[in-house]
Amino acid sequence: MKRKIVSAILAAVVAATTLAGCGSGSSSDGAAATTAGSEAAGSQAAGSEAAGGAADAGADGHTLSVYAWDKNFNIPALEAAEADYQKNVDPEFKLNIVEQSQSSDVENAITMAASSGDYSNLPDIVLFQDHYINKFVADYPDAWQDVNDAEVNWDDFSQEKLSYSTIDGKHYGIPVDNGAVIFAYRTDILEECGYTIDDVTGISWDRFDEIGKEVQEKTGKYLLSMDGDGNDLVYMMLQAEGESQFKDGKPQIADNETVKKVVETIVKLANDKVLYLANDWSDYTDQTIVGDMVAGVMNGNWIIPTIKQVEANSGKWEITSMPTLAGGEGYAANGGSSLYITANCKNTDLAKDFLAKTFGGSKETYDAALTNGGVITTCVSAGKSDVYNEGVDYFNNQPIYSKIVEMGANIPVVEQSDYHYRARTYVAAAIINIINGADVDTELKNAEDQLKFEMGIE
(Lines give C-alpha, C1' and ligand atoms only; values in the text may rest on other atoms or scores of the structure.)
Protein backbone atom coordinates (compact mmCIF):
# COMPACT_ATOMS: atom_id res chain seq x y z
CA MET A 1 0.00 0.00 0.00
CA LYS A 2 2.86 2.38 0.77
CA ARG A 3 4.11 1.96 -2.81
CA LYS A 4 0.69 2.83 -4.18
CA ILE A 5 0.41 5.95 -2.04
CA VAL A 6 3.82 7.13 -3.19
CA SER A 7 2.78 6.56 -6.81
CA ALA A 8 -0.41 8.52 -6.30
CA ILE A 9 1.60 11.44 -4.99
CA LEU A 10 4.00 11.14 -7.93
CA ALA A 11 1.13 11.24 -10.40
CA ALA A 12 -0.01 14.56 -8.97
CA VAL A 13 3.49 15.99 -9.06
CA VAL A 14 4.10 15.05 -12.70
CA ALA A 15 0.66 16.08 -13.93
CA ALA A 16 1.75 19.44 -15.23
CA THR A 17 5.20 18.37 -16.36
CA THR A 18 3.84 15.86 -18.87
CA LEU A 19 2.52 18.56 -21.16
CA ALA A 20 5.71 19.99 -22.58
CA GLY A 21 7.07 16.65 -23.74
CA CYS A 22 4.14 16.23 -26.09
CA GLY A 23 4.21 19.77 -27.36
CA SER A 24 1.17 20.76 -25.32
CA GLY A 25 2.78 23.44 -23.19
CA SER A 26 5.42 24.17 -20.63
CA SER A 27 6.19 22.26 -17.47
CA SER A 28 5.68 23.53 -13.94
CA ASP A 29 6.49 22.19 -10.50
CA GLY A 30 5.53 22.39 -6.83
CA ALA A 31 2.14 23.78 -5.88
CA ALA A 32 1.12 24.39 -9.48
CA ALA A 33 1.70 20.74 -10.34
CA THR A 34 -0.18 19.57 -7.26
CA THR A 35 -3.10 21.81 -8.16
CA ALA A 36 -3.11 20.48 -11.70
CA GLY A 37 -3.11 16.93 -10.40
CA SER A 38 -5.99 17.66 -8.01
CA GLU A 39 -8.04 19.30 -10.74
CA ALA A 40 -7.38 16.38 -13.06
CA ALA A 41 -8.42 13.92 -10.38
CA GLY A 42 -11.58 15.92 -9.71
CA SER A 43 -12.55 16.10 -13.36
CA GLN A 44 -12.01 12.36 -13.64
CA ALA A 45 -15.26 11.51 -11.88
CA ALA A 46 -17.44 12.36 -14.87
CA GLY A 47 -15.11 10.64 -17.26
CA SER A 48 -15.00 7.50 -15.15
CA GLU A 49 -18.76 7.34 -15.01
CA ALA A 50 -18.97 7.70 -18.77
CA ALA A 51 -16.34 5.04 -19.28
CA GLY A 52 -18.14 2.68 -16.95
CA GLY A 53 -21.28 3.00 -19.01
CA ALA A 54 -19.34 2.45 -22.19
CA ALA A 55 -17.72 -0.67 -20.76
CA ASP A 56 -21.14 -2.06 -19.90
CA ALA A 57 -22.29 -1.37 -23.45
CA GLY A 58 -19.41 -3.53 -24.67
CA ALA A 59 -21.39 -6.60 -23.61
CA ASP A 60 -22.96 -6.54 -27.09
CA GLY A 61 -19.61 -7.64 -28.53
CA HIS A 62 -19.31 -4.64 -30.84
CA THR A 63 -18.43 -1.74 -28.52
CA LEU A 64 -15.23 -0.53 -26.88
CA SER A 65 -14.50 2.55 -24.78
CA VAL A 66 -11.31 4.63 -24.74
CA TYR A 67 -9.87 7.56 -22.81
CA ALA A 68 -7.95 10.08 -24.93
CA TRP A 69 -7.06 13.76 -24.92
CA ASP A 70 -6.69 16.43 -27.61
CA LYS A 71 -9.76 16.84 -29.80
CA ASN A 72 -7.67 18.22 -32.65
CA PHE A 73 -5.00 15.50 -32.72
CA ASN A 74 -5.53 12.16 -30.97
CA ILE A 75 -9.32 12.02 -31.13
CA PRO A 76 -9.56 12.45 -34.93
CA ALA A 77 -7.07 9.57 -35.18
CA LEU A 78 -9.31 7.37 -33.03
CA GLU A 79 -12.33 8.38 -35.11
CA ALA A 80 -10.41 7.40 -38.24
CA ALA A 81 -9.68 3.98 -36.72
CA GLU A 82 -13.33 3.52 -35.78
CA ALA A 83 -14.47 4.30 -39.34
CA ASP A 84 -11.83 1.98 -40.78
CA TYR A 85 -12.88 -0.93 -38.56
CA GLN A 86 -16.57 -0.32 -39.27
CA LYS A 87 -15.96 -0.28 -43.02
CA ASN A 88 -13.61 -3.25 -43.31
CA VAL A 89 -14.36 -5.53 -40.33
CA ASP A 90 -17.55 -4.89 -38.34
CA PRO A 91 -20.29 -2.47 -39.50
CA GLU A 92 -21.83 -2.59 -36.02
CA PHE A 93 -18.63 -1.57 -34.25
CA LYS A 94 -18.75 1.46 -31.96
CA LEU A 95 -15.81 3.18 -30.27
CA ASN A 96 -16.99 5.24 -27.31
CA ILE A 97 -14.35 7.98 -27.03
CA VAL A 98 -14.30 9.69 -23.63
CA GLU A 99 -12.37 12.93 -24.05
CA GLN A 100 -9.96 13.92 -21.29
CA SER A 101 -8.66 17.44 -20.82
CA GLN A 102 -5.02 16.34 -20.72
CA SER A 103 -2.78 13.29 -20.50
CA SER A 104 -2.51 13.52 -16.69
CA ASP A 105 -6.26 12.78 -16.43
CA VAL A 106 -5.56 9.28 -17.76
CA GLU A 107 -2.58 8.81 -15.44
CA ASN A 108 -4.70 9.83 -12.45
CA ALA A 109 -7.50 7.47 -13.49
CA ILE A 110 -5.10 4.52 -13.49
CA THR A 111 -3.56 5.58 -10.17
CA MET A 112 -6.94 5.97 -8.46
CA ALA A 113 -8.26 2.66 -9.77
CA ALA A 114 -5.12 0.74 -8.84
CA SER A 115 -4.87 2.33 -5.40
CA SER A 116 -8.44 1.29 -4.61
CA GLY A 117 -8.07 -2.12 -6.24
CA ASP A 118 -11.21 -1.40 -8.30
CA TYR A 119 -10.72 -1.19 -12.07
CA SER A 120 -14.43 -1.21 -12.93
CA ASN A 121 -14.56 2.50 -13.79
CA LEU A 122 -11.73 2.32 -16.29
CA PRO A 123 -12.44 2.20 -20.03
CA ASP A 124 -11.41 -0.75 -22.18
CA ILE A 125 -8.49 1.17 -23.70
CA VAL A 126 -6.46 4.22 -22.71
CA LEU A 127 -4.12 6.48 -24.61
CA PHE A 128 -1.00 6.76 -22.46
CA GLN A 129 2.23 8.76 -22.67
CA ASP A 130 5.27 6.75 -23.72
CA HIS A 131 7.61 8.22 -21.12
CA TYR A 132 5.45 7.04 -18.18
CA ILE A 133 4.12 3.63 -19.15
CA ASN A 134 7.04 1.60 -17.77
CA LYS A 135 6.55 2.90 -14.25
CA PHE A 136 2.78 2.48 -14.36
CA VAL A 137 3.08 -1.12 -15.51
CA ALA A 138 5.72 -1.78 -12.83
CA ASP A 139 3.68 -0.13 -10.05
CA TYR A 140 0.28 -1.43 -11.17
CA PRO A 141 0.83 -4.66 -13.11
CA ASP A 142 -2.76 -5.76 -12.56
CA ALA A 143 -4.11 -2.67 -14.32
CA TRP A 144 -3.04 -3.80 -17.77
CA GLN A 145 -3.50 -6.59 -20.31
CA ASP A 146 -0.69 -7.24 -22.76
CA VAL A 147 -1.21 -7.38 -26.54
CA ASN A 148 1.64 -9.76 -27.20
CA ASP A 149 -0.52 -12.14 -29.24
CA ALA A 150 -2.22 -9.42 -31.32
CA GLU A 151 -1.83 -9.94 -35.06
CA VAL A 152 0.67 -7.13 -35.54
CA ASN A 153 3.89 -7.14 -37.54
CA TRP A 154 6.03 -5.57 -34.82
CA ASP A 155 9.03 -5.42 -37.15
CA ASP A 156 7.11 -2.90 -39.25
CA PHE A 157 7.31 -0.26 -36.49
CA SER A 158 10.08 2.00 -35.28
CA GLN A 159 11.88 -0.09 -32.70
CA GLU A 160 12.59 3.04 -30.64
CA LYS A 161 8.85 3.66 -30.41
CA LEU A 162 8.18 0.06 -29.38
CA SER A 163 10.90 0.22 -26.73
CA TYR A 164 8.57 2.22 -24.49
CA SER A 165 5.65 -0.20 -24.61
CA THR A 166 7.64 -3.46 -24.65
CA ILE A 167 8.14 -4.44 -21.03
CA ASP A 168 9.85 -7.63 -19.86
CA GLY A 169 9.66 -8.96 -23.39
CA LYS A 170 5.91 -8.38 -23.77
CA HIS A 171 4.11 -5.87 -25.96
CA TYR A 172 1.64 -3.82 -23.93
CA GLY A 173 0.80 -1.04 -26.35
CA ILE A 174 0.03 -0.25 -29.97
CA PRO A 175 1.79 2.93 -31.21
CA VAL A 176 -0.31 5.86 -32.32
CA ASP A 177 1.89 8.83 -33.20
CA ASN A 178 5.44 9.42 -34.30
CA GLY A 179 7.61 11.61 -32.08
CA ALA A 180 10.53 11.79 -34.52
CA VAL A 181 12.50 15.01 -34.27
CA ILE A 182 12.63 17.28 -37.28
CA PHE A 183 15.01 20.13 -37.94
CA ALA A 184 13.10 22.68 -40.01
CA TYR A 185 14.97 25.54 -41.67
CA ARG A 186 13.91 28.75 -43.40
CA THR A 187 15.56 28.05 -46.73
CA ASP A 188 15.11 31.64 -47.89
CA ILE A 189 17.25 32.84 -44.97
CA LEU A 190 19.82 30.10 -45.56
CA GLU A 191 20.04 31.15 -49.21
CA GLU A 192 20.49 34.78 -48.16
CA CYS A 193 23.60 33.59 -46.31
CA GLY A 194 24.81 31.38 -49.15
CA TYR A 195 23.52 27.99 -47.91
CA THR A 196 20.97 25.34 -48.89
CA ILE A 197 19.20 22.61 -46.93
CA ASP A 198 21.95 20.20 -48.05
CA ASP A 199 24.56 22.36 -46.31
CA VAL A 200 22.87 21.83 -42.93
CA THR A 201 22.22 18.10 -43.41
CA GLY A 202 24.60 15.60 -41.82
CA ILE A 203 26.79 18.29 -40.29
CA SER A 204 28.47 18.53 -36.88
CA TRP A 205 27.22 20.86 -34.16
CA ASP A 206 30.46 22.83 -34.52
CA ARG A 207 29.70 23.42 -38.19
CA PHE A 208 26.12 24.30 -37.27
CA ASP A 209 27.50 26.91 -34.88
CA GLU A 210 29.66 28.44 -37.62
CA ILE A 211 26.69 28.69 -39.99
CA GLY A 212 24.49 30.01 -37.19
CA LYS A 213 26.91 32.83 -36.42
CA GLU A 214 26.79 33.91 -40.06
CA VAL A 215 23.00 33.82 -40.04
CA GLN A 216 22.91 35.92 -36.87
CA GLU A 217 25.39 38.44 -38.25
CA LYS A 218 23.65 38.86 -41.62
CA THR A 219 19.97 38.55 -40.63
CA GLY A 220 19.74 39.00 -36.87
CA LYS A 221 17.94 35.66 -36.55
CA TYR A 222 18.82 32.69 -34.37
CA LEU A 223 19.28 29.35 -36.08
CA LEU A 224 17.71 27.51 -33.13
CA SER A 225 15.58 28.18 -30.04
CA MET A 226 14.30 26.16 -27.10
CA ASP A 227 12.32 26.67 -23.92
CA GLY A 228 15.03 27.34 -21.32
CA ASP A 229 13.00 25.80 -18.47
CA GLY A 230 11.72 22.74 -20.30
CA ASN A 231 14.93 22.27 -22.25
CA ASP A 232 14.55 19.19 -24.46
CA LEU A 233 17.79 19.80 -26.35
CA VAL A 234 19.92 17.64 -24.04
CA TYR A 235 17.69 14.60 -24.41
CA MET A 236 17.34 14.94 -28.19
CA MET A 237 21.05 15.58 -28.80
CA LEU A 238 22.00 12.66 -26.54
CA GLN A 239 19.64 10.24 -28.24
CA ALA A 240 21.06 11.19 -31.62
CA GLU A 241 24.41 10.02 -30.19
CA GLY A 242 22.83 6.77 -28.95
CA GLU A 243 23.25 7.88 -25.32
CA SER A 244 21.01 8.36 -22.29
CA GLN A 245 21.11 10.31 -19.04
CA PHE A 246 20.32 7.03 -17.25
CA LYS A 247 22.06 3.69 -16.93
CA ASP A 248 20.58 0.63 -15.20
CA GLY A 249 17.85 2.82 -13.75
CA LYS A 250 20.23 5.36 -12.20
CA PRO A 251 21.17 8.87 -13.33
CA GLN A 252 24.31 9.06 -15.45
CA ILE A 253 24.97 12.77 -15.74
CA ALA A 254 28.04 13.86 -13.78
CA ASP A 255 30.49 11.30 -15.18
CA ASN A 256 28.95 11.08 -18.64
CA GLU A 257 31.38 12.61 -21.15
CA THR A 258 28.73 12.76 -23.85
CA VAL A 259 26.36 14.65 -21.56
CA LYS A 260 29.16 17.09 -20.80
CA LYS A 261 29.94 17.61 -24.51
CA VAL A 262 26.26 18.15 -25.29
CA VAL A 263 25.85 20.66 -22.45
CA GLU A 264 29.02 22.50 -23.44
CA THR A 265 27.75 22.63 -27.03
CA ILE A 266 24.43 24.11 -25.92
CA VAL A 267 26.22 26.72 -23.80
CA LYS A 268 28.48 27.67 -26.73
CA LEU A 269 25.52 27.98 -29.10
CA ALA A 270 23.77 30.24 -26.59
CA ASN A 271 26.85 32.40 -26.01
CA ASP A 272 27.36 32.74 -29.78
CA LYS A 273 23.75 33.88 -30.19
CA VAL A 274 23.04 30.92 -32.43
CA LEU A 275 20.64 29.45 -29.85
CA TYR A 276 17.95 31.48 -28.10
CA LEU A 277 16.88 29.98 -24.76
CA ALA A 278 13.36 31.28 -24.23
CA ASN A 279 12.02 32.24 -20.81
CA ASP A 280 9.10 29.81 -21.01
CA TRP A 281 6.99 27.78 -23.42
CA SER A 282 4.98 30.75 -24.63
CA ASP A 283 8.13 32.73 -25.32
CA TYR A 284 9.50 29.74 -27.23
CA THR A 285 6.48 29.22 -29.46
CA ASP A 286 4.81 32.64 -29.68
CA GLN A 287 7.85 34.91 -29.75
CA THR A 288 10.62 32.90 -31.38
CA ILE A 289 8.78 30.65 -33.85
CA VAL A 290 5.53 32.47 -34.60
CA GLY A 291 7.22 35.79 -33.82
CA ASP A 292 9.79 35.13 -36.55
CA MET A 293 12.97 35.34 -34.46
CA VAL A 294 14.42 32.07 -35.77
CA ALA A 295 15.58 30.55 -39.02
CA GLY A 296 15.52 27.01 -37.62
CA VAL A 297 13.30 24.88 -35.39
CA MET A 298 14.31 21.50 -33.94
CA ASN A 299 11.77 19.49 -31.96
CA GLY A 300 9.33 16.59 -32.15
CA ASN A 301 7.34 16.82 -35.38
CA TRP A 302 4.29 17.93 -33.35
CA ILE A 303 5.88 21.40 -33.60
CA ILE A 304 4.81 21.60 -37.27
CA PRO A 305 1.38 23.24 -36.59
CA THR A 306 3.17 25.96 -34.60
CA ILE A 307 5.52 26.64 -37.52
CA LYS A 308 2.60 26.73 -39.96
CA GLN A 309 0.81 29.48 -38.05
CA VAL A 310 2.76 32.08 -40.03
CA GLU A 311 1.03 31.86 -43.41
CA ALA A 312 3.42 34.39 -44.96
CA ASN A 313 6.26 31.88 -44.63
CA SER A 314 4.54 29.15 -46.65
CA GLY A 315 6.97 27.55 -49.08
CA LYS A 316 9.99 28.92 -47.23
CA TRP A 317 10.58 25.98 -44.87
CA GLU A 318 12.14 22.55 -45.45
CA ILE A 319 12.99 19.78 -43.00
CA THR A 320 15.98 17.52 -42.49
CA SER A 321 17.69 15.49 -39.78
CA MET A 322 19.64 16.73 -36.74
CA PRO A 323 23.35 17.56 -36.56
CA THR A 324 25.54 15.32 -34.37
CA LEU A 325 28.69 15.94 -32.36
CA ALA A 326 31.04 14.29 -34.86
CA GLY A 327 28.96 15.00 -37.97
CA GLY A 328 26.45 12.78 -39.74
CA GLU A 329 22.67 12.66 -39.71
CA GLY A 330 21.16 12.47 -36.23
CA TYR A 331 17.83 10.95 -35.28
CA ALA A 332 15.84 11.32 -32.07
CA ALA A 333 12.27 11.39 -30.74
CA ASN A 334 10.52 13.77 -28.39
CA GLY A 335 7.05 12.99 -27.10
CA GLY A 336 4.40 10.50 -28.16
CA SER A 337 1.83 8.03 -26.88
CA SER A 338 0.37 4.57 -27.48
CA LEU A 339 -2.88 2.70 -26.81
CA TYR A 340 -3.17 0.17 -23.96
CA ILE A 341 -5.85 -2.32 -22.90
CA THR A 342 -6.90 -2.01 -19.26
CA ALA A 343 -7.83 -4.68 -16.72
CA ASN A 344 -11.47 -3.65 -17.05
CA CYS A 345 -11.73 -4.72 -20.69
CA LYS A 346 -13.99 -7.78 -20.84
CA ASN A 347 -13.73 -8.32 -24.59
CA THR A 348 -9.97 -8.40 -25.07
CA ASP A 349 -10.29 -10.29 -28.36
CA LEU A 350 -12.27 -7.40 -29.84
CA ALA A 351 -9.86 -4.82 -28.38
CA LYS A 352 -6.81 -6.60 -29.78
CA ASP A 353 -8.43 -7.12 -33.16
CA PHE A 354 -9.52 -3.48 -33.37
CA LEU A 355 -6.05 -2.19 -32.46
CA ALA A 356 -4.26 -4.67 -34.74
CA LYS A 357 -6.40 -3.91 -37.79
CA THR A 358 -6.22 -0.14 -37.40
CA PHE A 359 -3.21 1.33 -35.61
CA GLY A 360 -1.41 -1.97 -36.07
CA GLY A 361 -0.63 -1.07 -39.67
CA SER A 362 -3.71 0.04 -41.61
CA LYS A 363 -2.90 2.62 -44.27
CA GLU A 364 -6.56 3.63 -44.26
CA THR A 365 -6.46 4.49 -40.55
CA TYR A 366 -3.17 6.35 -40.75
CA ASP A 367 -4.02 8.22 -43.96
CA ALA A 368 -7.20 9.58 -42.36
CA ALA A 369 -5.45 10.26 -39.04
CA LEU A 370 -2.86 12.35 -40.87
CA THR A 371 -5.40 14.16 -43.03
CA ASN A 372 -7.89 14.89 -40.25
CA GLY A 373 -5.68 15.39 -37.20
CA GLY A 374 -2.06 15.57 -38.27
CA VAL A 375 -1.10 12.31 -36.52
CA ILE A 376 1.96 10.81 -38.22
CA THR A 377 2.45 7.06 -38.03
CA THR A 378 5.56 5.24 -36.86
CA CYS A 379 4.54 2.21 -38.95
CA VAL A 380 7.02 2.02 -41.84
CA SER A 381 4.74 0.44 -44.46
CA ALA A 382 1.84 2.80 -43.67
CA GLY A 383 4.20 5.73 -44.21
CA LYS A 384 4.72 4.70 -47.83
CA SER A 385 1.15 5.48 -48.92
CA ASP A 386 0.29 8.05 -51.58
CA VAL A 387 -1.06 10.38 -48.90
CA TYR A 388 2.25 10.31 -47.02
CA ASN A 389 4.23 10.88 -50.20
CA GLU A 390 2.32 13.98 -51.23
CA GLY A 391 4.32 17.20 -51.25
CA VAL A 392 3.39 19.74 -48.58
CA ASP A 393 3.07 23.28 -49.94
CA TYR A 394 4.16 24.95 -46.71
CA PHE A 395 7.41 22.99 -46.77
CA ASN A 396 8.35 23.84 -50.35
CA ASN A 397 6.46 20.79 -51.65
CA GLN A 398 8.64 18.36 -49.67
CA PRO A 399 6.93 15.01 -48.88
CA ILE A 400 7.71 15.66 -45.23
CA TYR A 401 5.44 12.97 -43.77
CA SER A 402 7.08 10.04 -45.52
CA LYS A 403 10.45 11.55 -44.59
CA ILE A 404 9.43 11.75 -40.91
CA VAL A 405 8.43 8.08 -40.91
CA GLU A 406 11.76 7.20 -42.49
CA MET A 407 13.66 9.23 -39.89
CA GLY A 408 11.62 7.65 -37.10
CA ALA A 409 12.72 4.20 -38.21
CA ASN A 410 16.37 5.22 -37.66
CA ILE A 411 16.08 6.53 -34.09
CA PRO A 412 18.46 4.75 -31.68
CA VAL A 413 16.94 2.90 -28.73
CA VAL A 414 18.28 4.36 -25.47
CA GLU A 415 17.44 3.73 -21.83
CA GLN A 416 14.35 5.59 -20.67
CA SER A 417 13.28 6.65 -17.19
CA ASP A 418 10.09 7.80 -15.55
CA TYR A 419 12.24 10.60 -14.13
CA HIS A 420 12.88 11.88 -17.65
CA TYR A 421 11.15 15.20 -17.03
CA ARG A 422 12.76 15.71 -13.62
CA ALA A 423 16.18 15.13 -15.16
CA ARG A 424 15.27 17.71 -17.79
CA THR A 425 14.42 20.25 -15.08
CA TYR A 426 17.69 19.85 -13.18
CA VAL A 427 19.92 19.81 -16.25
CA ALA A 428 18.12 22.83 -17.72
CA ALA A 429 18.83 24.76 -14.52
CA ALA A 430 22.47 23.66 -14.68
CA ILE A 431 22.77 24.96 -18.25
CA ILE A 432 21.46 28.39 -17.26
CA ASN A 433 23.96 28.52 -14.38
CA ILE A 434 26.84 27.51 -16.67
CA ILE A 435 25.89 30.19 -19.19
CA ASN A 436 26.06 32.65 -16.31
CA GLY A 437 29.59 31.55 -15.45
CA ALA A 438 29.25 28.48 -13.19
CA ASP A 439 31.57 25.47 -13.51
CA VAL A 440 30.31 22.71 -15.83
CA ASP A 441 31.41 19.73 -13.73
CA THR A 442 30.04 21.23 -10.52
CA GLU A 443 26.67 22.02 -12.05
CA LEU A 444 26.26 18.57 -13.63
CA LYS A 445 27.12 16.92 -10.33
CA ASN A 446 24.58 19.12 -8.55
CA ALA A 447 21.94 18.13 -11.12
CA GLU A 448 22.70 14.44 -10.64
CA ASP A 449 22.72 14.74 -6.84
CA GLN A 450 19.33 16.46 -6.82
CA LEU A 451 17.87 13.83 -9.13
CA LYS A 452 19.29 10.98 -7.04
CA PHE A 453 17.80 12.50 -3.90
CA GLU A 454 14.39 12.73 -5.55
CA MET A 455 14.69 9.13 -6.76
CA GLY A 456 15.77 7.92 -3.33
CA ILE A 457 19.19 6.80 -4.58
CA GLU A 458 22.27 7.27 -2.42
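This is a predicted model: local features need pLDDT of at least 70, side-chain atom pairs count only at pLDDT 80 or more; totals for chains, interfaces and linings use all residues.
1. Overall make-up. The protein chain contains 18 helices and 15 strands. Of its 458 residues, 58% are buried. The chain exposes about 17,500 Å², and carbon and sulfur atoms supply 45% of that area. Considering contacts between residues at least 6 apart in sequence, 75% join residues at least 24 apart.

2. Helix 10. This helix covers residues 233-240, and eight of its eight residues are buried, so it is largely enclosed by the rest of the structure. The buried residues are L233, V234, Y235, M236, M237, L238, Q239 and A240. Just after helix 10 comes G242, which has a positive phi of about 75°.

3. Helix 11 against helix 17, geometry. Two packed helices are described by the angle between their axes and the distance between the axes. For helix 11 (residues 257-271) and helix 17 (residues 420-435), the angle is about 50° and the axes are 10 Å apart. Angles under 35 degrees count as roughly parallel and those from 65 to 115 as roughly perpendicular; helix 11 and helix 17 are therefore oblique to each other. The crossing of helix 11 past helix 17 is right-handed.

4. Helix 11 against helix 17, residues. On the helix 11 side, the contact is made by V263, I266, V267, A270 and N271. Helix 17 contributes V427, I431, I434 and I435. By class, the residues of this contact are eight nonpolar and one polar, with no charged residue.

5. Helix 17 against helix 18, geometry. Helix 17 also packs with helix 18 (residues 440-455); their axes come within 9 Å and cross at roughly 155°. Angles over 145 degrees count as roughly antiparallel, and helix 17 and helix 18 are therefore roughly antiparallel to each other. Their crossing is right-handed.

6. Helix 17 against helix 18, residues. From helix 17, the residues involved are R422, A423, Y426, V427, A430, N433 and I434. They meet V440, E443, A447, Q450, L451 and E454 of helix 18. This contact divides into eight nonpolar, two polar and three charged residues.

7. E364. This residue lies in helix 15, which spans residues 363-373. Its relative accessibility is 35%, so E364 counts as partly exposed. Leaving aside neighbours within four places in sequence, E364 is in contact with D84, K87 and N88. E364 and S385 are 21 residues apart in sequence, and their C-alpha atoms are 9.2 Å apart in space.

8. T365. Helix 15 also holds T365. Is T365 buried or exposed? Buried means under 20% relative accessible area, and T365, at 0% relative accessibility, counts as buried. Not counting residues up to four places away in sequence, T365 touches A80, A81, D84, T358 and F359.

9. E364 and T365 together. Both residues have a place in helix 15. D84 is in contact with E364 and is also touched by T365. The two residues are classed separately for accessibility: E364 is partly exposed, whereas T365 is buried.

Key
Residues are numbered from 1 along each chain as its sequence is written. Side-chain values use heavy atoms; hydrogens and water are left out. Axes are lines fitted to C-alpha atoms, for helices over the stretch in contact, and angles run from 0 to 180 degrees between N-to-C directions. Helices (H or I, at least four residues) and strands (E, at least two) are DSSP runs, numbered from the N terminus. A crossing is left-handed if the near helix is turned anticlockwise from the far one by less than a right angle, and right-handed if clockwise. Contact means heavy atoms within 4.5 Å. Ala, Val, Leu, Ile, Met, Phe, Trp, Tyr, Cys and Pro count as nonpolar, Asp, Glu, Lys and Arg as charged, and the others, Gly among them, as polar. Buried means under 20% relative accessible area, exposed over 50%, partly exposed in between (1.4 Å probe, protein chains only). Accessible areas come from the Shrake-Rupley method with a 1.4 Å probe; for residues, only the protein chains shown count as cover.
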